[in-house]
Amino acid sequence: MMNLKQNTGDLVLKAWLLDSDTMVRPFLTVGAAYSKNYLNYSSSVLRYLEQYGLKDRMGKDTDSSSYMGTAGAGVDVQL
């Protein structure tokens with residue numbers, strides 16, 4: 001069995017284009033995120049890979065990290 005863990009943190013900023021007293025308020029958003037991932041193999045998988053001589057090539061725990069960005073637009077409607 002493999003175990004994948006993903007840790008992500010993000011920050012999004014929202015800017016309205018009209019005053020708060022209007023009924024319809026368009027907005028723009030922009031954001032950034034960072035993600036750190038870990039892939040771990042269980043001991044049973046490692047034993048299986050070792051049986052067939054694959055542990056050195058495939059049986060290593062791995063990790064990766066990434067940066068992401070977002071942009072968006074929308075409308076807030078006051079009821």
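Which strand does serine 35 lie in? Here are some close-ups of a predicted model, where local features need pLDDT of at least 70, side-chain atom pairs count only at pLDDT 80 or more, and totals for chains, interfaces and linings use all residues. Residues are numbered from 1 along each chain as its sequence is written, and side-chain values use heavy atoms, with hydrogens and water left out.

**View 1. Serine 35 sits in strand β2, residues 24–41.** Strands here are DSSP runs of E, at least two residues long, numbered from the N terminus. Serine 35 is buried, at a relative accessible area of 1% (buried means under 20%, exposed over 50%, partly exposed in between, with a 1.4 Å probe and protein chains only). Its side chain makes a polar contact of 3.4 Å with that of threonine 8 (a pair of N or O atoms within 3.5 Å; within protein, one must be able to donate a hydrogen and the other to accept it, and residues adjacent in sequence count only if both atoms are side-chain atoms).

**View 2. Three strands make an open sheet in the order β1-β2-β3, with antiparallel pairing.** β1 (2–16) and β3 (62–77) are at the edges with a single partner strand each, so one side of each has no neighbour in the sheet. Strands count as paired if DSSP finds at least two bridges between them; β2 and β3 are joined by 16. Look for lysine 36, which stands opposite serine 65 in β3.

**View 3. Lysine 14 belongs to strand β1.** Lysine 14 is partly exposed, with a relative accessible area of 39%. Its side chain makes a polar contact of 3.4 Å with the side chain of aspartate 76.

Notes:
Helix = DSSP H or I, 4+ residues; strand = E, 2+ residues; numbered from the N terminus.
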